[in-house]
Amino acid sequence: MVSRFDAPEIRRFLEGQGYPVDFDKLAVRPDQLPSTLCYLVVSDRLLMLRRKKEPFSGHWTAPGGKIRPGESPLEAIRREMKEETGLEIIEPRLKAVCSETGDTHYNWLLFIFRAHRYTGELVESDEGELRWLSLDDLEHQRLPDVDRRILRFVLDDAPEPYYFRVVYDEEYNVAELEQAPLASYCV
């Protein structure tokens with residue numbers, strides 16, 4: 001299956017990270033859009049965005065957004081973080097690739113990063129409210145079901161990134177979740 005995210009920049013990025021993946025194994029549907037998220041963790045707090053629109057309107061999620069044509073996932077997450085938060089993230093690390101499928105607004109191939117340092121000042125976002133949330137208090141926050149299930153993997157110190165395949169039910173909860181090392185999808 002050839003999908004719209006099978007771009008040379010994405011392939012080169014993954015190869016540069018040591019993961020020459022077979023995109024046919026990562027893709028579930030050709031309409032999945034390539035996108036990024038970054039969990040910025042500083043002093044036991046996580047920068048989160050309460051989204052104004054779908055997907056997950058009203059929930060706290062990590063900032064991020066779509067990968068533009070000609071852009072690598074790393075370039076995209078740096079641009080999106082600057083646009084949505086005003087911050088320039090330092091040394092973002094790929095923690096996961098997540099293939100998500102569901103109905104409209106829930107078909108993504110997400111490149112999920114984690115960073116611990118940044119420069120700049122936090123600015124208001126048109127995407128939603130930004131807030132530093134305590135890691136200890138996340139269980140009491142309105143997070144999407146998928147975030148609750150994969151966040152521990154994104155926050156762990158495992159040296160290798162993960163791959164997740166997520167299927168959403170009609171209420172956008174996780175109906176199916178598969179998890180494996182990203183390396184298992186390499187050619």
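Before I name any element, I note that helices (H or I, at least four residues) and strands (E, at least two) are DSSP runs, numbered from the N terminus. This is a predicted model, in which local features need pLDDT of at least 70 and side-chain atom pairs count only at pLDDT 80 or more, while totals for chains, interfaces and linings use all residues. Residues are numbered from 1 along each chain as its sequence is written, and side-chain values use heavy atoms, with hydrogens and water left out.

**Entry 1: the loop between β2 and β3**

I looked up Pro 55 and found that its place is in the loop between β2 and β3 (60-61). A cis peptide bond joins Glu 54 to Pro 55, with omega at about 5°. Ser 57 has its place in the loop between β2 and β3 as well. I then needed the words for accessibility: buried means under 20% relative accessible area, exposed over 50%, and partly exposed in between (1.4 Å probe, protein chains only). Ser 57 counts as partly exposed, because its relative accessibility is 28%. For contacts I use heavy atoms within 4.5 Å, and, leaving out residues up to four places away in sequence, Ser 57 touches Arg 51, Lys 52 and Arg 142. I also checked a distance: from C-alpha to C-alpha, Ser 57 and Phe 23 are 29 Å apart in space, and they are 34 residues apart in sequence.

**Entry 2: β1 and its partners**

Which strands pair with β1, and in which sense? I count two strands as paired if DSSP finds at least two bridges between them. β1 runs parallel to β7, joined by eight bridges, and in this pairing Pro 34 has Leu 109 of β7 as its bridge partner. With β4, β1 pairs in the antiparallel sense over three bridges, and the partner of Thr 36 there is Gly 65. β1 and β2 also run antiparallel, with three bridges, and Val 41 stands opposite Leu 46 in β2. Nine of the 10 residues of β1 are buried, so this strand is largely enclosed by the rest of the structure.

The hairpin of β1 and β2 has two residues between the strands, and Ser 43 takes a positive phi near 50° in it. Asp 44, in the loop between β1 and β2, has a phi near 60°, a positive value in a residue other than glycine. Asp 44 counts as exposed because its relative accessibility is 57%.

**Entry 3: β10 and its partners**

Six bridges join β10 to β6, and the two run parallel; here Ala 96 has Tyr 162 as its bridge partner. β10 and β11 run antiparallel and are joined by seven bridges, and Tyr 162 stands opposite Pro 181 in β11. The hairpin of β10 and β11 has five residues between the strands, and Tyr 172 takes a positive phi near 65° there. Tyr 172 is partly exposed, because its relative accessible area is 26%.

**Entry 4: the nonpolar cores**

A nonpolar core is a set of buried Ala, Val, Leu, Ile, Met, Phe, Trp, Tyr and Cys residues joined through side-chain atoms within 4.5 Å. The largest one has 31 residues, and Leu 14, Leu 40, Phe 111 and Leu 182 touch the most other members. Among the elements that give two or more residues to this core are α1 (8-16), β1 (33-42) and β7 (108-115). β7 gives the largest share of this core, four residues. Apart from it lies another core of 27 residues, including Leu 46, Met 48, Trp 60 and Leu 110.
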